[in-house]
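Dear colleague,

Please find below the structure that I am handing over to you.

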Amino acid sequence: MAGTTRARLLDELSTVSRRTMASYALFNQAVADHLGLHPTDLQCLNLLTLEGGPVTTGRIAELTGLTTGSATRLVDRLEKAGYVVRDRDTADRRRVLVVTVPEKAAEFGRLWEQLGDGFSALFDDLDDAQLALIVDHMRRTADFCAGQVARLRAGDV
């Protein structure tokens, strides 16, 4: 009986996960459209704001799983849209850093806050242990997805 319950729950988890990913992809597209960005550019901007400081294009390639050439083109688009600028590294003038434009990053942050308004209310009825379980699940899912991206890009599938 327990095996049947677990199989049913894993099946349901698979279905709910696929719906969640599709829902998020559509949400991401809508936000990107609203800002006049490509969805990948939007998520790169999101990752840049989470980095907390300037990064190299190589780091952007690492964060996104893109090739350095694709990451360079992505930075070109974000720069053209006014979200980032390129600056020489003061410690090593040969290095170019990608820096978010503070006003545009703040605008981006305000939009996330507006769209996320009420998000925390989804968790009001959960205790700390349940929240910790969700956080752990999301971390593990993000790590798993990054590994799957690497597999796909390496042609291992």
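This is a predicted model: local features need pLDDT of at least 70, side-chain atom pairs count only at pLDDT 80 or more; totals for chains, interfaces and linings use all residues.

Which side chain meets that of Glu 79 in a salt bridge? The partner is Arg 86, with an N to O distance of 2.6 Å.

Salt bridges

Side chains of opposite charge can pair when their charged atoms come close. In this model the count comes to 10 salt bridges. Besides the pair already named, two others deserve a description.

Asp 89 and Arg 95 meet through their side chains in a salt bridge, at 2.9 Å from N to O. Asp 89 has a relative accessible area of 10%, and because buried means under 20%, Asp 89 is classed as buried. Arg 95, at 39%, counts as partly exposed. Elsewhere, salt bridges with shared partners link Glu 51, Arg 59 and Glu 62 into one network.

Within that group, the closest N and O atoms of Glu 51 and Arg 59 lie 3.2 Å apart. Glu 51 is partly exposed at 33% relative accessibility, and Arg 59 is partly exposed as well, with a relative accessible area of 29%.

Helix 2 and helix 3

Two packed helices are described by the angle between their axes and the distance between the axes. Helix 2 covers residues 39-51 and helix 3 covers residues 57-64; they pack at about 115°, and their axes are 10 Å apart. Helix 2 is therefore roughly perpendicular to helix 3. Their crossing is right-handed.

On the helix 2 side, the contact is made by Cys 44, Leu 47, Leu 48 and Glu 51, which meet Arg 59, Ile 60, Leu 63 and Thr 64 of helix 3. By type, the residues of this contact comprise five nonpolar, one polar and two charged.

Helix 3 and helix 4

Helix 3 also packs with helix 4, which spans residues 68-80; here the angle is about 105° and the axes are 8 Å apart. These two helices are therefore roughly perpendicular to each other. Thr 57, Ile 60 and Ala 61 of helix 3 meet Thr 68, Ala 71, Thr 72 and Val 75 of helix 4. The residues in this contact divide into four nonpolar, three polar and no charged.

Leaving aside residues up to four places away in sequence, Thr 57 touches Thr 68, Ala 71, Thr 72, Val 75 and Val 98.

Helix 1 and helix 5

A further pair is formed by helix 1, residues 2-35, and helix 5, residues 102-116, which pack at an angle of about 135° with their axes 12 Å apart. Helix 1 is therefore oblique to helix 5. The crossing of these two helices is right-handed.

Which residues of helix 1 meet helix 5? They are Tyr 24, Phe 27, Val 31, His 34 and Leu 35, and their counterparts in helix 5 are Glu 107, Phe 108, Leu 111, Trp 112 and Leu 115.

Two loop residues

Arg 93 is found in the loop between strand 1 (84-88) and strand 2 (96-100). This residue is exposed, with a relative accessible area of 54%. Arg 93 and Gly 82 are separated by 11 residues in sequence, and their C-alpha atoms are 23 Å apart in space.

Asp 127 lies in the loop between helix 5 and helix 6 (128-154). Its relative accessible area is 42%, so Asp 127 is partly exposed. From Asp 127 to Glu 113 there are 14 residues in sequence and 23 Å in space, C-alpha to C-alpha.

With kind regards

Notes: Residues are numbered from 1 along each chain as its sequence is written. Side-chain values use heavy atoms; hydrogens and water are left out. Axes are lines fitted to C-alpha atoms, for helices over the stretch in contact, and angles run from 0 to 180 degrees between N-to-C directions. Helices (H or I, at least four residues) and strands (E, at least two) are DSSP runs, numbered from the N terminus. Angles under 35 degrees count as roughly parallel, over 145 as roughly antiparallel, 65 to 115 as roughly perpendicular and the rest as oblique. A crossing is left-handed if the near helix is turned anticlockwise from the far one by less than a right angle, and right-handed if clockwise. Contact means heavy atoms within 4.5 Å. A salt bridge is a side-chain nitrogen of Lys or Arg within 4 Å of a carboxyl oxygen of Asp or Glu. Buried means under 20% relative accessible area, exposed over 50%, partly exposed in between (1.4 Å probe, protein chains only). Ala, Val, Leu, Ile, Met, Phe, Trp, Tyr, Cys and Pro count as nonpolar, Asp, Glu, Lys and Arg as charged, and the others, Gly among them, as polar.
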